[in-house]
Amino acid sequence: MTANQTPTTRVESARARVRELMAHRESGVFLALVVFFVVMYTVSPIFRRPFNLTTILRQISVTSIVAMGQTLVIVSGAFDLSQGSIAGLAAMVTAKLWKNAGLDPPIAIIGGLGVGVLCGFLNGVLAARFRLHPIVMTLATGAVFLGVNFYITRGESIIGLPDGLTWLGRGLIGPVPALIVLMFIVAFLMHILLTRTLFGLRVRMIGGNLKASQDVGMNVERIRVGIFTLSGFLSALGGIVLLGRVGNALPQIGQGLLFPVVTAAIVGGTLLTGGVGSMAGTLIGAAIMGIARNSLVVLQLNIYLQDIVQGMLVVVALLIDQFRRGELTWRIILGRDR
């Protein structure tokens with residue numbers, strides 16, 4: 001801004017900058033997050049306690065890590081409904097490798113991550129090479145992974161896990177919980193992958209226009225296998241972090257992840273039709289969902305309202321997205337476009 005600008009010019013310049021900022025898909029979601037946070041911070045003394053704020057960050061960390069993989073899959077024009085089962089299987093395999101095989105915790109964790117990679121690779125091969133519909137296919141493989149989980153564990157829990165297995169979920173890096181640091185590291189790396197690499201560009205191209213991607217000679221099969229493999233890895237990482245948070249290995253661990261994960265991606269602005277999405281938006285979406293769930297607790301509202309709130313947030317996010325893309329207008333809602 002130069003010194004010879006008139007007040008009118010300065011106002012117009014400020015307005016232009018605001019419009020430019022709000023043009024980003026994440027801006028509206030971030031504004032909603034700020035308003036939501038400020039309201040809760042103001043009305044609830046319990047909410048603004050440092051311990052509660054840290055608890056919220058811990059709660060959204062697992063969701064965010066797994067949701068980063070889901071975002072990548074959705075941007076490519078597909079869905080991965082097996083993430084919760086992969087997370088649970090990886091967590092239980094990690095615990096079994098420590099208890100039954102006697103492996104050191106770091107090696108057991110690597111084994112659990114390897115299980116996630118294998119599961120994701122299988123999903124990718126089935127979706128890309130065998131051309132199975134991702135939604136139905138991952139719904140089926142999710143059931144398989146869950147069945148394998150209960151088969152190898154016989155439905156029994158593993159308790160008394162060592163610090164080496166729980167550190168990711170309970171440990172500290174200085175004064176900061178390790179899982180929060182891990183969440184931001186994953187978000188940063190996935191943001192770079194999606195926006196600053198050739199792989200990320202191809203992911204967005206496949207989701208935006210599959211036929212055009214094939215016409216230019218892009219190896220769509222290989223990229224899709226890579227996408228699902230990465231989703232499996234992040235699902236396993238989230239499951240192992242959740243294992244640390246819970247402190248015990250439960251066969252049903254991870255089964256409540258899928259809906260919050262998909263919700264975080266949708267609320268964060270990821271287009272269900274593919275081609276558009278961001279890791280920052282997903283992180284914000286997970287934060288909104290975490291604050292919403294926590295608010296029900298601190299305000300002493302019925303805990304069973306969680307599902308209602310989550311469902312309503314998804315519906316609102318979808319409606320806003322339809323308005324932004326021009327596929328829904330008030331004329332259409334009122335029936336005046338006929």
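This is a predicted model: local features need pLDDT of at least 70, side-chain atom pairs count only at pLDDT 80 or more; totals for chains, interfaces and linings use all residues.
The C-alpha atom of Val216 is separated by 40 Å from that of Gln310, a residue 94 places away along the chain.

## Helix α3

Helix α3 covers residues 50–75, 26 residues in total, and spans 35 Å between its first and last C-alpha atoms, which is close to the 38 Å expected at 1.5 Å a residue. The helix is kinked by about 30 degrees, with the kink centred on Ser61. Most of α3 is covered, 20 of its 26 residues being buried, and the helix is followed by Gly77, which has a positive phi near 95 degrees.

## The crossing of α3 and α12

The axis of α3 comes within 8 Å of the axis of helix α12 (residues 258–267), and the two cross at roughly 60 degrees. The crossing in which α3 passes α12 is right-handed.

On the α3 side, the residues that meet α12 are Thr63, Val66, Ala67, Gln70, Thr71 and Ile74, while their counterparts in α12 are Leu258, Pro260, Val261, Val262, Ala264 and Ala265. An α-helix has 3.6 residues a turn, so residues three or four places apart point the same way. Val66 and Gln70 are two of the α3 residues taking part in this meeting with α12.

Ala32 belongs to helix α2 (residues 25–43) and, with a relative accessible area of 38%, is partly exposed. Although Ala32 and Ile284 are 252 residues apart in sequence, their C-alpha atoms are 9.4 Å apart in space.

Thr166, by contrast, sits in helix α7 (residues 163–170) and has a relative accessible area of 7%; since buried means under 20%, Thr166 is classed as buried. When its neighbours within four places in sequence are left aside, Thr166 is in contact with Leu161, Gly171, Gly244 and Gly247.

Methods
Residues are numbered from 1 along each chain as its sequence is written. Side-chain values use heavy atoms; hydrogens and water are left out. Helices (H or I, at least four residues) and strands (E, at least two) are DSSP runs, numbered from the N terminus. The expected span of a helix is 1.5 Å times one less than its number of residues. The bend at a residue is the angle between axes fitted to the seven residues ending there and the seven starting there. Buried means under 20% relative accessible area, exposed over 50%, partly exposed in between (1.4 Å probe, protein chains only). Axes are lines fitted to C-alpha atoms, for helices over the stretch in contact, and angles run from 0 to 180 degrees between N-to-C directions. A crossing is left-handed if the near helix is turned anticlockwise from the far one by less than a right angle, and right-handed if clockwise. Contact means heavy atoms within 4.5 Å.
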